[in-house]
Amino acid sequence: MDRYLPLIGRSPLFERIDAADLEPMLQCLGARQRSFPKGAYVFRMGDHTTSMGMVLEGSVRLEKEDYWGNRSILASFGPGQSFAEVYACEPDLALDINVVAAEDAVVVLLDVGRITSMCPSSCAFHARLIRNLLGIIAKRTHALTRKIEHTAKRTTRAKLLSYLSDQAERAESSRFAIPFDRQELADYLSVDRSAMCAELSRMKKDGIIDYNRNRFEIVRRSAL
């Protein structure tokens, strides 16, 4: 895990923690490195867990399936980002989502119980970890609120404009990349893929956006 220490040290969970404390801290948190091939489940619906995860390589998605197998993508996480914090904080709460490797992925699993309660060594970094964890959960709640805002729009174009506007604001640029392919974007916005692709083509023809695969540019801001 040594080669991932710089990435771990830059992650939101370990913000403002000295680099010298990382290795003993990871030992204290029972860190376990795991590898998952594309499509493999990190966690499944119905699981109970006391561990949160952090992506070291690749990416993972939070997905939800209904009774008929229809998939909705809730979020996507890349290197340095964490997932499943809420479920790990309340291990009696069964997961109602799947965490799936969107590509070959390496993650580290951390025992949240060792973050939220002081260890026998009374490590000085625990208070900072708790503050960082609360900050991550707050940002995750905000991200889900943004998703609700996107999917609550009435038309496919309105949903796309809402999502792309949000991505541009986050990137602080009119040019940005999104973490989804077309099917994944359709699942995230809860729209039909064919209808969404047709709408993207119309938006490009109308001079509102330009794109190549998962890279987009907002050409005309007035449409937003």
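Biologist: Why does Cys 89 count as partly exposed?

Modeller: The relative accessibility of Cys 89 is 35%, and the term buried is kept for residues under 20% relative accessible area, exposed for those over 50%, and partly exposed for those in between, with a 1.4 Å probe and protein chains only. Cys 89 therefore counts as partly exposed, and Cys 197, with a relative accessible area of 22%, is partly exposed as well. This is a predicted model, in which local features need pLDDT of at least 70 and side-chain atom pairs count only at pLDDT 80 or more, while totals for chains, interfaces and linings use all residues. Residues are numbered from 1 along each chain as its sequence is written, and side-chain values use heavy atoms, with hydrogens and water left out.

Biologist: How do you know that Cys 89 is too far from Cys 28 for a bond?

Modeller: A disulfide is a pair of cysteine sulfur atoms within 2.5 Å, whereas the sulfur of Cys 89 lies 16 Å from its closest cysteine sulfur, the one in Cys 28, and is therefore too far away for a bond. The structure as a whole holds zero disulfides.

Biologist: What makes β9 and β10 edge strands of their sheet?

Modeller: Strands (E, at least two residues) and helices (H or I, at least four residues) are DSSP runs, numbered from the N terminus, and two strands pair if DSSP finds at least two bridges between them. Here three strands form an open sheet in the order β9-β11-β10, with antiparallel pairing. Each of β9 (175–177) and β10 (209–212) has a single partner strand, so one side of each is left without a neighbour in the sheet. From one strand to the next, the twist averages 20°.

Biologist: What makes the phi of Glu 172 worth a remark?

Modeller: Most residues other than glycine have a negative phi. The phi of Glu 172, however, is near 55°, a positive value, and this residue sits in the loop between α6 (156–171) and β9. With 73% relative accessibility, Glu 172 counts as exposed. Arg 213 also has a positive phi, of about 60°, although it is not a glycine; Arg 213 lies in the loop between β10 and β11 and, at 67% relative accessibility, counts as exposed.

Biologist: Why are α6 and α7 called roughly perpendicular?

Modeller: Axes are lines fitted to C-alpha atoms, for helices over the stretch in contact, and angles run from 0 to 180 degrees between N-to-C directions. Angles under 35 degrees count as roughly parallel, over 145 as roughly antiparallel, 65 to 115 as roughly perpendicular and the rest as oblique. The axes of α6 and α7 (residues 182–189) come within 11 Å and cross at roughly 105°, so α6 is roughly perpendicular to α7. The contact, meaning heavy atoms within 4.5 Å, is made by Lys 159, Leu 160 and Tyr 163 of α6 together with Leu 185, Tyr 188 and Leu 189 of α7.

Biologist: What makes β3 a strand that is largely enclosed by the rest of the structure?

Modeller: Six of the seven residues of β3 are buried, so the strand is largely enclosed. β3 runs antiparallel to β8, to which six bridges join it, and it also pairs with β6 (residues 82–83) in the antiparallel sense over two bridges. In β6, Phe 83 is the bridge partner of Gly 53.

Biologist: Which residues touch the most other members of the largest nonpolar core?

Modeller: A nonpolar core is a set of buried Ala, Val, Leu, Ile, Met, Phe, Trp, Tyr and Cys residues joined through side-chain atoms within 4.5 Å. The largest core has 25 residues, and those touching the most other members are Ile 8, Leu 13, Phe 14, Met 25, Met 52, Leu 110 and Leu 129. Elements giving two or more residues to this core include α1 (5–10), β3 (51–57) and α5 (126–151), while α2 gives the most, with four residues.
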